[in-house]
Amino acid sequence: MNSTPLLVRVAINCLAAITLGFLVLPILAVIPASFNAASFITLPPASVSLRWYRSFLLDGEWMMTLINSAAVASLTTAIALLLGTSAALGLQQLGERASFVLKGAFLAPLVVPVIVTAIALYRSMIDIAMTGTIWAIAIGHAILALPLVIIMVGVSLRAVDPTWHLAAAGLGAGRWMIFRTITLPNILPGIIGGAVFAAMTSFDEVVIAVFLAGYETKTLPVKMWEVIRIEFTPVAAVAATFMILLAMSLFLVVRTVGPRDVERPS
Amino acid sequence: MRAKSLEAVLLVTPALLFLVIWFVMPLARLFSLAFVGDATTPAPFGELIASEVYRHVFLRTLGIAALVTIVTLLLSYPLSVFLSRLRGVRFFLALYGVLLPLWISVLVRTFSWMLLLERNGPINKALAFVGLTDHPLPLLFNDTGVLIGMVHVMVPYAVIPLYAAITRIDRRLLLASDGLGASPLFTFRKVYLPLSMPGIVAAAVFVFLLSLGFFVTPALLGGSNAMTAPMLIAGFISDRLAWSLAAAASLILLASVLALLWFVSRLVALPQGTLVR
Amino acid sequence: MKARGVGVRLVGISKSYGSVVALQPTDLAVEAGEFLTLLGPSGSGKTTMLNSIAGYVEPDRGSILFGGTDVTTMPARSRNVGMVFQNYALFPHFDVFANVGYGLRARGVGKSEIARRVAAALALVQLDGYGDRKIQQLSGGQQQRVALARALVIEPDVLLMDEPLGALDRQLRKTVQLELRRLHELHGRTTVYVTHDQEEALILSDRVAVMHEARIVQVGTAAELYTAPVDAFVAGFIGESNLLPVRVLALSAGVARIEVPDLARDLEVMASPDVAIGRPARLLLRPEHVVLDAAGGVPGSIDEIVYLGEIISARITLASGAQIWARRLANSPLERGASIRVGWAAQHLRVVAER
């Protein structure tokens with residue numbers, strides 16, 4: 001707006017900048033906290049040391065949780081990608097009403113509060129004696145990741161021109177060849193984006209994991225949760241720092257290789 | 001054409017089946033417990049509604065959610081306006097600043113706030129240093145801490161639909177209003193604000209719903225002083241294995257969420273794609 | 001020109017979408033090696049007909065034959081058709097070579113054979129050496145040629161083109177039209193072309209099928225359609241025309257006696273087949289057949305003059321209030337507002353039925 005008074009514009013910019021700072025900076029607070037030499041956390045640290053990093057990396061239990069988280073995230077991604085890509089492809093071919101209803105159904109896991117999903121799944125896992133298994137946690141996370149994959153692959157699919165499929169069919173290509181040579185290469189950004197989103201969702205997730213994980217299958221966030229509530233030592237900050245680094249790397253991967261989205265200034 | 005529909009159905013079925021087996025059925029199983037009751041709690045709904053404590057928890061959950069929504073919107077609106085006017089590198093930096101927090105676990109973010117809001121934490125120290133306070137403010141283990149932490153989590157969720165709606169506003173309408181002699185305030189009130197309303201509504205609904213169901217942040221930042229419904233539900237299970245109470249409470253919580261969604265959908269048509277991110 | 005490809009016959013083809021009739025029962029016969037254009041405004045059914053030949057649309061009734069073979073139930077993939085789409089539909093993630101060779105790949109042709117045939121196809125459309133270019137690097141005209149090469153390289157029984165020149169600017173379109181004509185003489189394949197541009201249809205085609213409201217109204221050469229249109233729609237669609245309302249008084253042996261209120265007299269003119277006494281009809285008077293200074297002609301005044309380079313076009317308001325257009329070489333100037341007497345070349349008049 002050209003006619004916005006300078007004062008208002010400055011006020012908006014200041015408020016926005018402060019809000020941005022409010023968003024980003026607090027997260028970084030864990031990083032200095034992880035360098036605390038003492039066994040309680042002070043911010044800023046009274047004395048600096050790497051002892052908690054050593055503690056984290058050498059601790060069998062922390063490393064086990066890291067591996068568990070990786071395993072769960074991989075399973076979650078595989079499940080969500082297979083089911084989600086397939087569903088996104090199917091949704092695109094369906095009529096408007098059908099796809100509207102189904103889209104609502106697929107988005108349901110995002111609407112239901114996670115705590116409710118978590119205890120419902122917990123109850124059912126108890127019934128079939130699957131609590132404490134990696135598969136159980138992966139299934140729980142896949143439920144949350146599925147809508148994300150469907151959305152991301154859907155975004156990519158919308159950029160696919162339907163006449164390409166007609167052209168390919170007219171040229172003699174069968175359904176599978178069309179999918180392999182035409183559809184798949186063009187939805188790859190969406191698939192990659194969905195995969196990364198699914199992995200990160202699983203890696204970050206704590207509520208479902210707290211209920212479904214057993215001692216051997218504890219994930220990183222679950223151990224962090226325990227440490228924060230009980231011991232509150234800087235090792236939790238170390239774990240948090242690792243999670244931030246992982247998140248940032250995956251975030252950059254998705255922004256580079258992921259689907260072109262609408263968040264560009266026109 | 002019929003073959004096409006069959007193929008579409010086959011493609012959609014695995015995901016649908018997965019959700020039915022692992023999502024819908026467990027939910028149904030859980031909710032059934034609310035109506036059956038068990039040895040200790042024959043009438044879970046009755047108990048929940050009768051108890052003043054539980055009623056209080058539900059009301060406070062709604063209250064916190066409402067407060068969080070309002071504060072979040074107040075912060076997110078200027079940020080979205082700001083974002084919509086940026087170009088080039090600055091746009092991407094600001095955008096990443098908004099989106100990156102979404103990628104970081106709520107647990108990590110909440111933990112950060114725990115460190116910051118402590119009695120002897122940096123915020124209190126800074127306030128004392130600047131001279132605004134003469135004794136540390138209790139920012140943790142109460143509603144204030146929960147509010148701060150939740151707003152922090154919610155702002156990115158609000159900015160996304162707000163930004164989408166604001167960038168859709170045709171700039172020429174603003175120029176036209178200006179050209180017709182309207183003051184900036186008038187243009188804002190009569191043109192800009194109404195046109196951004198779909199985004200505001202979408203953001204408000206989104207944030208409110210998320211806030212109702214939030215567990216980690218209130219649990220860590222509020223503790224038992226600021227009990228919310230999700231914490232109550234978790235407590236029923238982990239503390240006492242009171243399944244029917246937990247089921248009933250879950251049903252009430254979910255019902256509130258669905259009621260809100262239905263209510264909003266009656267009033268306003270959400271613009272296409274606001275939730276698709 | 002060596003005729004390649006097969007003849008296409010559509011017998012009783014019809015298609016409806018719910019209550020919307022896209023194609024009324026229609027027949028069409030395309031000779032092997034012929035260039036036939038489906039010409040009509042949007043909604044006339046021409047794209048539906050093209051898509052039926054391609055196999056993208058299944059007709060409700062009727063049969064489609066390629067040569068002697070009934071392909072009606074065959075999916076698009078199994079028919080040997082080459083289609084050039086309006087937006088070219090080039091695969092953006094493949095380069096030119098991969099695009100052109102796609103159909104050969106689908107048919108399991110060997111690598112060296114693909115390389116040979118793609119090179120030949122690119123040479124035909126004058127894009128030699130463009131094989132490793134990315135689609136995004138090509139201009140609109142070049143993309144169009146790649147699309148054509150892709151359709152031709154599979155040696156289709158029928159080449160189908162759906163308004164392929166729509167996205168090109170006027171100058172380029174004219175060049176490409178002549179180019180397509182030349183290419184057809186080289187490859188000689190049966191071609192069915194769809195357009196709404198009547199000038200384009202007349203330039204490119206051996207025959208034109210004029211379509212209107214989901215049916216074929218008339219099929220013929222450019223000359224046939226111009227001089228002997230079967231009804232007022234064709235008359236008005238092809239070339240410039242003046243269509244004056246008339247009343248048919250008598251009719252015998254293809255000649256009708258008509259009353260023309262706007263010209264204030266009765267005339268005897270050639271009649272198109274559907275003309276009948278009592279049916280609404282129009283007098284077709286082409287602008288080039290209007291004489292601007294005829295003794296004993298109808299009084300009128302020139303109210304608009306348009307200079308089209310070597311041609312001058314004038315709009316004349318007759319005494320009755322009707323307006324007609326006249327066209328002649330711009331040898332001598334015309335004056336706006338001038339009163340003139342309007343005549344016509346009687347042997348070129350025709351009366352056509354109105355639908």
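Predicted model: local features only at pLDDT ≥ 70, side-chain atom pairs only at ≥ 80, totals over all residues.
Which residues of α4(B) are buried? They are B:V98, B:P101, B:L102 and B:W103.

Helix α4 of chain B runs over residues 88–103. It has 16 residues. From its first C-alpha to its last it reaches 23 Å, close to the 22 Å expected at 1.5 Å a residue. The helix does bend, by about 30 degrees, at B:G97. A proline, B:P101, follows within four residues of that point. B:P101 is also one of the buried residues of α4(B).

What covers those buried residues? The cover includes elements from chains A and B. Chain A brings α1 (6–28), α9 and α12 (235–257). Chain B brings α5 (106–117) and α7 (143–168).

That leads to the way the chains meet. Two pairs of chains touch, and the pair with the most contacts is A and B. Chains B and C do not touch. Their nearest C-alpha atoms are 9 Å apart.

Now turn to the contact between chains A and C. It takes 16 residues from chain A and 16 residues from chain C. On the chain A side, α8 (162–170) and α9 (175–204) each supply at least two residues. The largest share of that side comes from α8(A), with seven residues. By class, the side of chain A that touches chain C has 10 nonpolar, five polar and one charged residues.

Next comes chain A as a whole. It has 12 helices and zero strands. Read along the sequence, the pattern is α-α-α-α-α-α-α-α-α-α-α-α. The C-alpha trace spans about 70 × 65 × 30 Å along its principal axes. Of the 266 residues in chain A, 50% are buried. Among contacts in chain A with a separation of 6 or more, 76% join residues 24 or more positions apart.

How far does the predictor's confidence in chain A go? The mean pLDDT of chain A is 88. In this chain, 95% of the residues reach 70 or more. Residues 262–266 of chain A are another matter: pLDDT stays under 50 there. For that stretch the model has five contacts beyond four places in sequence.

Conventions: Residues numbered from 1 in each chain as written. Chains lettered and ligands numbered in written order. pLDDT = per-residue confidence, 0-100. Contact = placed C-beta atoms within 7 Å. Buried ≥ 20, exposed ≤ 12 C-beta atoms within 10 Å, placed from the backbone. Nonpolar A, V, L, I, M, F, W, Y, C, P; charged D, E, K, R; others polar. Expected span 1.5 Å × (residues − 1). Bend = angle between axes of the 7 residues up to and from the residue.
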